[in-house]
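User: I have just opened this one and would like to get my bearings. Could we go through it together?
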Amino acid sequence: MKIMFYDTKIYDKKSFDNAISQYENIEIEYMESDLSEKTAAYSRGFDAVCGFVNSVIDKNVMEILRDNNVKLILMRCAGFNNVDLDAAKDCGIRVMRVPGYSPEAVAEHAMALAMAANRRIHKAYIKVRENNFSLQGLTGVNFYGKTAGIVGTGKIGAAMCGICKGFGMNIIAFDTYQNKDLDYVKYVELDELLSKSDLISLHCPLVKETYHLINDDTISRMKDGVVLVNTSRGGIVDTDALIKGIRDKKFHAVGLDVYEEESDYVFENMEDDILQHSTTARLLSFPNVIVTSHQGFLTNEALDAISTTTLDNAQRFMDGDFDNQYVII
């Protein structure tokens, strides 16, 4: 199998090069550009393509892939909201993903964001570098004894529950499917979670029902001084509503690893550019907000798991093994 690997970064190539020696019948060609209608043509001569969270895999791209005899799309991530599954089915293209690579990596980053934003670590770091040792503006809150509200208790949400338990927090959760392994977690309706939580951490997929789950209405139902963290998908939070809530002093702190605008420049170095009309730039102007560049997955362990599972999926496809958790369609 020949795989065209899109949106290649240094860490991608390193982890996949380390893993591919275990697979005799798989070849990879790397490409820096992401998968889109413009770049899909480069898939000619390949059996499969490998995409990531911001690859644009819509109907037009799918038809180009079909015309180039591509039979498999390998998503090296858990999410697939950027893939037109109906078009994939119509084009006879299989889609496979990595449903779980290192849930602890994302959950640990979520808590890191919560703690850093809460205790203003980003501000303190800059102040001390400039020989300013004043404590003005750095006051946080204890998490011990407070209530953590976890929205979504799949593998990542469950890992976050465990971390919050270690912090001595009371944990409530909202999910359509309750995780029976979390016997120390109380499941509640969303309204109760919003009104009782001191920390709200989002770990649900982006689907029709969760798009802009955090909006003007749900923010108004939160406690004053709540800490909000999103390491899931940007579209779960209505950014304009979030900015209004921050300005109205609804939030003590906000930590975001994902945000609605990220598809335009996530993972890219834009330090010499000016972000035009950017809501992300507005978010960065608030002293109680920390924004990171979708790096929750970025640990050595997670990268190893992503590369191994993605290549295992390619092998499963060649073996005709389609009855497993890795197949989307």
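User: Which helices each supply at least two residues of the lining of the largest cavity?

Analyst: This is a predicted model, and in it the helices that each give at least two residues to the lining of the largest cavity are α4 (103-118) and α6. The lining as a whole is made up of A78, P99, G100, Y101, S102, P103, V106, K155 and I156.

User: How much space lies in that largest cavity, and how does its lining divide by class?

Analyst: The largest cavity holds about 60 Å³ of space, and its lining has six nonpolar, two polar and one charged residues.

User: How many cavities of 30 Å³ or more are there?

Analyst: The count comes to three cavities of 30 Å³ or more.

User: And pockets, what volume does the largest one have?

Analyst: The volume of the largest pocket is about 1,200 Å³. Its lining consists of 40 residues, and those closest to the centre of the pocket are H203, C204, P205, L206 and S232.

User: Which helix gives the most to that pocket lining, and what classes do the lining residues fall into?

Analyst: Helix α6, which covers residues 155-166, gives the most to the lining of the largest pocket, with three residues. Sorted by class, the pocket lining has 19 nonpolar, 14 polar and seven charged residues.

User: Changing topic to the sheet: in what order do the five strands come?

Analyst: The five strands form an open sheet in the order β2-β1-β3-β4-β5, with parallel pairing. Because β2 (27-30) and β5 (94-96) stand at the edges with a single partner strand each, one side of each of these two strands has no neighbour in the sheet. On average, neighbouring strands of this sheet are turned by 25 degrees against each other, if direction is ignored.

User: Which helix packs on it?

Analyst: Helix α1, residues 10-20, packs on the sheet and touches both β1 (2-5) and β2, and the direction of α1 makes about 165 degrees with that of β2.

User: What about β3, how many bridges join it to β4 and to β1?

Analyst: Strand β3 (residues 48-51) pairs with strand β4 (residues 72-75) over four bridges in the parallel sense, and A48 stands opposite L72 of β4. Three bridges join β1 to β3, again in a parallel arrangement, and M4 has V49 in β3 as its bridge partner.

User: Are the residues on the two faces of β3 buried or exposed?

Analyst: Both faces of β3 are covered, with A48 and C50 buried on one side and V49 and G51 buried on the other.

User: How far is K249 from D90?

Analyst: From C-alpha to C-alpha, K249 and D90 are 49 Å apart in space, and in sequence they are 159 residues apart.

User: And N131, what is its phi, and where is it found?

Analyst: N131 has a phi near 60 degrees, which is a positive value in a residue other than glycine. N131 lies in the loop between α5 (121-129) and β6 (147-151), and with a relative accessibility of 63%, N131 counts as exposed.

Technical notes: Residues are numbered from 1 along each chain as its sequence is written. This is a predicted model: local features need pLDDT of at least 70, side-chain atom pairs count only at pLDDT 80 or more; totals for chains, interfaces and linings use all residues. Side-chain values use heavy atoms; hydrogens and water are left out. On a 1 Å grid over the protein atoms alone, a cavity is a set of points where a 1.4 Å probe fits but cannot get out, and a pocket is an open set with protein on both sides within 12 Å along at least five of seven lines; lining residues have an atom within 4 Å of a point. Grid points are joined across faces, edges and corners, and a volume is the space filled by probe spheres set on the points. Ala, Val, Leu, Ile, Met, Phe, Trp, Tyr, Cys and Pro count as nonpolar, Asp, Glu, Lys and Arg as charged, and the others, Gly among them, as polar. Two strands pair if DSSP finds at least two bridges between them. Axes are lines fitted to C-alpha atoms, for helices over the stretch in contact, and angles run from 0 to 180 degrees between N-to-C directions. Contact means heavy atoms within 4.5 Å. Buried means under 20% relative accessible area, exposed over 50%, partly exposed in between (1.4 Å probe, protein chains only).
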